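Subject: Structure for you to look through

Hi,

Here is the structure I promised to hand over. Please open it first, then read my notes below.

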Amino acid sequence: MPTRTVISFARGVPSPDLLPVAELKAAAQRALDDDPAGALAYGDGAGYAPLRQWVADRYGNGDASRVLCTNGSLQGLAFLAEAMFAGSGGRAVVEAPTYDRAILILRRFGATVEAVDLQRDGLDVDAIEAMCRAGRTPGLVYTIPTFQNPGGTTLSAAKRERLVALAREHRFTILEDDPYGELRFAGTAVPRLFDLDGAAGTVIFSTSFTKTVAPGVRTGAMILPPALHARLRALATDTYIGPSMLAESTVHAYCAAGCFEPGVERMRLALLERRDALVAALDRHLGQRVTYVPPEGGYFLWVQFPGVDADALADRAAAAGVPVVKGSTCFIDGRGGDALRLAYSACPATDMDEGVARLAALV
Ligand SMILES: Cc1ncc(COP(=O)(O)O)c(C=O)c1O
């Protein structure tokens with residue numbers, strides 16, 4: 001049998017043609033020309049100062065003292081989980097489904113993880129309120145409110161207001177994990193939880209250059225209230241002295257040269273084309289056998305296959321050269337066995353039909 005090329009819906013990464021290779025090459029050169037000592041130093045545990053300022057200006061009211069740049073945003077989550085839960089334990093709420101690695105990290109540092117359902121308009125805020133009223137207020141609500149991974153959904157504006165108000169009333173912390181928020185290609189923008197919170201310090205904001213520049217730069221950033229910032233900076237220093245200054249100075253040079261916006265725009269256009277191609281292929285090959293909510297941005301489409309063992313389907317699909325993510329890996333309680341996460345970010349639009357046709361043949 002001739003080997004078929006792999007068409008991957010598995011990984012939430014940009015395809016190689018979307019990576020800004022020339023721009024990053026030039027940015028690395030500029031970083032080394034303009035600030036060789038800074039780019040090649042151990043640096044500060046909180047990250048490369050000019051990049052912290054760029055992040056503060058774009059996402060955080062200009063206050064760089066609250067920005068922590070880390071080797072990937074997942075590292076920031078690990079530091080936060082360690083600061084909040086290691087030794088003391090505590091309750092962390094995640095969405096069901098959610099990003100599987102976040103579950104692993106929260107548990108690794110001792111959090112008791114509970115899940116609240118994701119609805120078409122995002123997290124079920126009523127369920128969080130019920131938990132609080134029942135005396136089970138969590139320490140942390142970990143949410144991916146915009147173009148959720150894996151659900152593709154976005155938390156509505158009204159629910160955002162309520163969630164922030166609840167957090168203030170019941171004194172829990174919200175982590176707004178937002179690596180996809182820049183990547184809206186349809187619909188209307190909604191305010192960030194971080195902006196609704198103002199200066200209250202109830203919401204921690206996390207972003208990443210993985211989905212907007214390249215995963216390999218391993219650069220993420222968090223905006224934290226002062227006390228937590230100090231704690232996480234100390235953890236960062238104790239863990240790796242400083243994050244990669246070469247990477248962060250390169251990302252800074254890329255952003256300072258005005259490459260960020262055009263890069264994001266390129267990504268949005270490609271993602272829109274890919275989402276449309278995926279939706280058209282699903283309609284053509286699977287029609288009424290599947291249900292999904294088309295995302296307005298980001299990388300993922302969550303597909304429900306009622307009555308189908310999607311775990312087994314995912315195994316067959318991998319063998320047929322169409323890797324996908326099993327829905328069940330995104331829940332803490334064994335649900336999701338009838339769903340798959342399809343990432344359209346890494347799949348050129350021209351391959352979409354063939355990929356979905358292969359998948360449909362296995363259902
Ligand atoms: C919701 C979410 N948070 C964090 C990450 C990890 O990002 P980074 O590459 O910055 O560590 C991902 C990557 O898929 C993600 O989907």
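Start with helix α3 (residues 49–59) and helix α10 (residues 245–256), which pack at an angle of about 45° with their axes 8 Å apart. Axes here are lines fitted to C-alpha atoms, for helices over the stretch in contact, and angles run from 0 to 180 degrees between N-to-C directions. Helices are DSSP runs of H or I with at least four residues, strands are runs of E with at least two, and both are numbered from the N terminus. α3 and α10 are therefore oblique to each other. The cut-offs: under 35 degrees is roughly parallel, over 145 roughly antiparallel, 65 to 115 roughly perpendicular, and the rest oblique.

The α3 and α10 crossing is left-handed. That word applies if the near helix is turned anticlockwise from the far one by less than a right angle; clockwise gives right-handed. From α3, P50, L51 and W54 meet E248, V251, H252, C255 and A256 of α10. Contact needs C-beta atoms, placed from the backbone, within 7 Å. By class, this contact has six nonpolar, one polar and one charged residues. Ala, Val, Leu, Ile, Met, Phe, Trp, Tyr, Cys and Pro count as nonpolar; Asp, Glu, Lys and Arg as charged; the others, Gly among them, as polar.

A word on the source. This is a predicted model, where local features need pLDDT of at least 70, side-chain atom pairs count only at pLDDT 80 or more, and totals for chains, interfaces and linings use all residues. Residues are numbered from 1 along each chain as its sequence is written.

α10 also packs against helix α1 (residues 21–34). Their axes come within 8 Å and cross at roughly 110°. That makes α1 roughly perpendicular to α10. The crossing of α1 and α10 is right-handed. On the α1 side, the contact is made by E23, L24, A27, A28, R30 and A31; on the α10 side, by S249, T250, A253 and Y254. Six of these residues are nonpolar, two polar and two charged.

Next, helix α4 (residues 73–85) and α5. Their axes come within 9 Å and cross at roughly 30°. α4 and α5 are therefore roughly parallel to each other. The crossing is right-handed. L74, L77, A78 and A81 of α4 meet R101, A102, I105 and L106 of α5. By class, that is seven nonpolar, no polar and one charged residues.

Zoom out to the domains. The chain is divided into domain 1 (21–256) and domain 2 (261–362), with bounds from an automatic or database domain assignment. Their centres, taken over C-alpha atoms, are 26 Å apart. The contact takes 26 residues from domain 1 and 25 residues from domain 2. α5 (100–108) and β3 (112–119) each supply at least two residues of the domain 1 side.

Last, some backbone details. The peptide bond from A96 to P97 is cis, with omega near 10°. P97 is in the loop between β2 (91–96) and α5. The bond from N149 to P150 is also cis, with omega near 15°. P150 is in the loop between β5 (140–143) and α7 (157–170). F147 is in the loop between β5 and α7. Its phi is near 55°, a positive value in a residue other than glycine.

Best wishes

How values were computed:
Contact = placed C-beta atoms within 7 Å.
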